[in-house]
Amino acid sequence: MSKKKMNVEEYLSNFFKGTKNPTLNAMKYFMEEFAHPEKDLKIIHIAGTNGKGSCTEMITNILINAGYKVGKFISPHLIKYNERISIQNTNITNEKMEEIIEKIKPKIDKYNSLNNSQVTLFELETTMAILYFYENNCDFVVLETGLGGLYDCTNIVNPIVSIITSIGYDHTNILGNTLVEIATQKAGIIKENSDTIFALSDEKEVNEVIKQKCAEKNNKLHEVKKEDIKNYTYNQEFQEFDYKNYKNILINLKGEKQLLNSSICIECVEILRNKLYNVSEESLRKGLKTVIHKGRFEKINEKPIMIFDGAHNKPAMENFCKSRDMYYKKQNKVYIISILRTKDYKMILKELLKDEKSTFIFTSGNNEEIYVPKETLLETAKKYTNNSKLNAQDLEETIDFVKENYINDVIFFVGSFYIYGTVIEKLKKI
């Protein structure tokens with residue numbers, strides 16, 4: 001009798017999503033069970049409050065352009081789970097996921113029966129990614145942390161380069177309430193005798209945490225400093241700047257924060273060259289100029305102009321507002337806002353409502369259970385502004401509404417990545 005085909009999406013969506021005391025026990029168990037595939041992979045490990053997704057995309061694109069086979073692990077996904085695991089920017093198929101899950105399943109059952117805690121979805125996904133990259137003989141793997149660093153599932157690896165993009169307030173319930181505590185968690189990805197890249201913070205104590213950890217682990221620290229970025233200009237298509245000896249670097253990702261992220265990637269290329277990997281300047285330039293990063297100040301519609309940005313914490317919100325003012329300061333604006341219950345929705349509203357002349361539409365996202373109710377957002381907003389152009393309505397109705405009524409304005413979808421799939425699908429139907 002033939003075996004019943006697994007519905008992979010259903011299996012993953014029903015998998016244990018709870019949290020537990022942070023340890024790497026389950027990941028150590030899986031790596032042991034599969035004879036340590038992670039030890040045979042050349043890994044670039046990326047942590048940071050903001051910017052890690054952009055750096056992951058840029059480094060992957062640079063290395064693919066240099067002729068390498070590159071595995072990439074990201075989170076969250078925007079539309080389908082498959083986006084989390086890719087090789088050469090091609091997502092893993094459902095068939096391949098099923099095949100790997102079937103290998104891991106007996107080991108999950110064994111672990112769950114022997115321990116008081118269950119294997120989590122992120123542990124399963126990370127194990128799946130490592131096995132997939134190992135089986136496909138990837139030359140490099142660019143691995144983005146899910147949360148923090150120290151106890152993040154991805155921290156089972158020994159990378160050739162560790163990157164910490166930025167330290168800011170997010171997930172404070174798990175990572176700590178001060179920037180020093182958060183930096184300590186992120187610094188957990190720094191391993192013995194390796195190289196670490198860090199974009200220096202304005203907070204001296206944060207820089208000290210990273211410097212100290214590098215010294216402790218005999219790591220060479222490569223600092224990215226704002227003052228090394230010069231001759232900056234931008235237009236609607238590209239940003240251009242010099243970094244150290246590199247002149248006229250072009251990047252197509254929007255927002256000033258991408259200058260630091262690109263500089264981190266340039267440092268990464270320099271380290272790889274010093275380790276005798278062949279990454280030409282041409283590959284570097286092409287990788288930065290052609291990279292696509294979905295959901296980050298991404299233009300998803302032309303008429304009216306629609307911009308999607310998943311900004312949901314304070315540093316990301318500040319970056320979003322800066323980018324908005326760079327590109328669309330003079331246009332009329334409409335904000336469509338959806339915020340997860342786990343986020344600081346009051347802070348997000350306060351930041352956005354500073355734009356007093358614009359229209360604001362609050363939604364309950366695409367899942368009323370996990371989003372702040374639109375009525376709550378509306379009532380809270382009224383406390384922060386006298387602006388009368390505030391509305392609350394269903395997300396999908398809103399997309400129809402703005403497409404018909406605000407044809408000459410700029411529409412911003414902001415506050416959450418998890419509505420991306422819904423918005424894109426709806427726009428396709430229209």
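My notes on a sheet, its helices and one lysine follow.

Ground rules first: this is a predicted model, where local features need pLDDT of at least 70, side-chain atom pairs count only at pLDDT 80 or more, and totals for chains, interfaces and linings use all residues. Residues are numbered from 1 along each chain as its sequence is written, and side-chain values use heavy atoms, with hydrogens and water left out.

Entry: I looked up the strand order and got 12-13-17-14-15-16, an open sheet of six strands with mixed pairing. Strands (E, at least two residues) and helices (H or I, at least four) are DSSP runs, numbered from the N terminus. Two strands pair if DSSP finds at least two bridges between them. At the edges I found strand 12 (298–301) and strand 16 (390–392), each pairing on one side only.

**Entry: one pair.** I picked strand 14 (residues 333–337) and strand 17 (residues 410–414), which are parallel and share five bridges. Tyrosine 335 sits opposite phenylalanine 412 of strand 17.

**Entry: helices on the sheet.** Helix 14 (residues 395–405) lies across strands including strand 13 (305–309) and strand 15 (359–362), and runs at about 170° to strand 14. Angles go from 0 to 180 degrees between N-to-C directions, with axes fitted to C-alpha atoms, for helices over the stretch in contact. Helix 15 (residues 420–429) packs on the sheet too, touching strand 12, strand 13 and strand 17. Contact means heavy atoms within 4.5 Å.

**Entry: lysine 107.** Which helix holds lysine 107? I found lysine 107 in helix 4 (residues 94–114). Leaving out residues up to four places away in sequence, lysine 107 touches Tyr29, Phe30, Glu33 and Phe34. Phenylalanine 30 is 77 residues away along the chain, yet its C-alpha atom is 7.5 Å from that of lysine 107.
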